[in-house]
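Visitor: I would like to learn how to read the features of a fold. Could you take me through one, step by step?

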Amino acid sequence: MSVKVKDILNLDIFNDIKIVTGQNGLNRTIQRVSVFDCPIKSDVIDKNIIEEGDFFVTSLFVVKDSLEDMLKLIKILVESKASGVCVIDEYIDRFPNEFIELASKNSFPVFLADKDVPYADVIQSIMELIIKDKEDIISEMKIEKLLKEESYEKITKIAYDINNDFMKNLVVLYLLKFDSKRNSSYIYQSINKREMWSALKYKDGALIIITNSESKQIQKQVDYILNLVNNTHQNYVLGISNLYEDLKYLKKATIEAITSCEFSNILNQNIVRYNQLGVYTILATMKYKVELKEFYNKIVLPLKEYDKKYSLNLFETMVRFVDNDGNYEKTANEMFQHENTIRYRITKIKQILNMEEMNIEFLTQISIAVKIHKLLNASL
């Protein structure tokens with residue numbers, strides 16, 4: 001992770017600050033932010049006064065009367081691999097074309113801010129973003145350490161290292177697909193202001209840990225999170241773990257929340273609770289085992305071969321039949337077929353699989369086969 005120039009565009013203070021040129025350089029990384037309003041000599045790079053990733057706030061007072069000095073300044077900043085510059089328009093409200101062209105050619109972002117915008121506010125906002133990024137890195141390291149740990153004692157220690165105010169009862173949620181960074185910031189702020197909760201950046205999402213001294217209160221708190229997310233996001237995926245009554249199960253709950261998110265596409269739901277996954281929790285651990293593939297092939301390949309030869313659409317019928325909980329009428333309506341056609345196809349599937357007299361076993365096996373099919377073909 002790192003703070004890019006494009007990230008500062010989401011800061012409130014940049015609502016009224018416009019980018020003049022260098023839009024192709026918005027992926028430059030910001031390492032430091034500073035002010036300059038004094039002459040810059042060419043040896044600033046050799047002396048490490050300006051370093052890669054530096055972002056500057058300036059009025060350009062010292063070069064405002066000289067195009068040559070302006071261009072020299074841009075060349076020095078580009079050569080030093082600085083990340084960009086925000087110019088306060090106290091002395092310059094319009095840049096010479098040569099200045100804009102040079103910055104654009106080198107994909108060097110140049111912003112223009114009103115003279116009433118305080119330098120300190122710009123610097124503070126960007127610094128807070130850099131500090132937050134560092135904190136996110138530390139948080140991710142803690143979560144990675146948690147997921148590798150086997151000792152209950154050490155898991156509990158990591159839990160208290162994340163938040164010393166955690167209580168014993170917990171549920172973990174994993175939120176993916178933020179609509180915007182501003183909305184994600186609101187989520188983090190709303191959750192982290194509560195002493196017994198924590199929201200941490202993890203990979204592409206937010207890991208939300210809610211705890212309480214009373215297990216009965218946890219569901220109400222989960223509902224609060226759901227409302228919070230619904231009110232701030234239109235498109236999201238949320239995985240929810242089971243309830244646990246001891247912090248030593250934080251690793252287990254974290255894995256459950258992340259795993260639940262991964263099954264969003266399979267279940268066609270944006271909110272997935274781990275206790276909904278059923279047999280998927282077992283199948284997922286066997287995804288790459290040869291036994292699972294062998295079972296899948298035993299059920300599916302004969303049907304696909306028959307479909308290829310006779311175009312009877314047995315495989316799709318089986319999938320729809322399982323999805324509709326074995327309801328012939330719903331399956332027929334969904335496939336725009338007569339109910340008797342679906343009954344005939346299911347009978348044919350039983351014959352092909354040699355399971356004519358094994359109704360419960362037949363339903364069990366095709367249900368598992370369909371789940372394996374979704375597991376193997378979904379983008380987890």
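Guide: Gladly! Let us begin with pairing: two strands count as paired if DSSP finds at least two bridges between them. Keep in mind that this is a predicted model.

Visitor: Thanks. In what sense do β4 and β5 pair, parallel or antiparallel?

Guide: In general, strands of a sheet pair through backbone hydrogen bonds, in either a parallel or an antiparallel way. Here strand β4 (residues 84-88) and β5 pair in the parallel sense, over 4 bridges. One place to look is valine 85, whose bridge partner in β5 is valine 110. Between the two strands the chain passes through helix α2 (residues 97-105), and this β-α-β crossover is right-handed.

Visitor: And how does β1 pair with β5?

Guide: Strand β1 (residues 18-21) and β5 are antiparallel, with 3 bridges. Lysine 18 has leucine 112 as its bridge partner in β5.

Visitor: What is the strand order of the open sheet?

Guide: Read across, the 5 strands run β1-β5-β4-β3-β2, and the pairing is mixed. β1 and β2 (32-35) stand at the edges with a single partner strand each, so one side of each has no neighbour in the sheet. On average, neighbouring strands are turned by 25 degrees against each other, direction ignored. Strand β3 (residues 54-58) pairs with β4 in the parallel sense over 4 bridges, and there valine 57 stands opposite cysteine 86 in β4.

Visitor: Which strands does helix α3 lie across?

Guide: Helix α3 (residues 119-148) lies across β2, β3 and β4, and runs at about 170 degrees to β2.

Visitor: Now the side chains. Which way do the residues of β5 point?

Guide: From β5 (residues 110-113), Val110 and Leu112 point one way, while Phe111 and Ala113 point the other way. All four of these residues are buried.

Visitor: Which residues touch the most other members of the largest nonpolar core?

Guide: That core has 31 residues, and Met318, Ile349, Leu353, Phe362 and Ile366 touch the most other members. At least two core residues come from each of α9 (280-283), α10 (290-310), α11 (314-323), α12 (328-335), α13 (339-352) and α14 (359-377).

Methods. Residues are numbered from 1 along each chain as its sequence is written. This is a predicted model: local features need pLDDT of at least 70, side-chain atom pairs count only at pLDDT 80 or more; totals for chains, interfaces and linings use all residues. Side-chain values use heavy atoms; hydrogens and water are left out. A nonpolar core is a set of buried Ala, Val, Leu, Ile, Met, Phe, Trp, Tyr and Cys residues joined through side-chain atoms within 4.5 Å. Buried means under 20% relative accessible area, exposed over 50%, partly exposed in between (1.4 Å probe, protein chains only). A crossover is right-handed if, with the strands pointing away from the viewer, the path from the first strand over the helix to the second runs clockwise. Axes are lines fitted to C-alpha atoms, for helices over the stretch in contact, and angles run from 0 to 180 degrees between N-to-C directions. Contact means heavy atoms within 4.5 Å.
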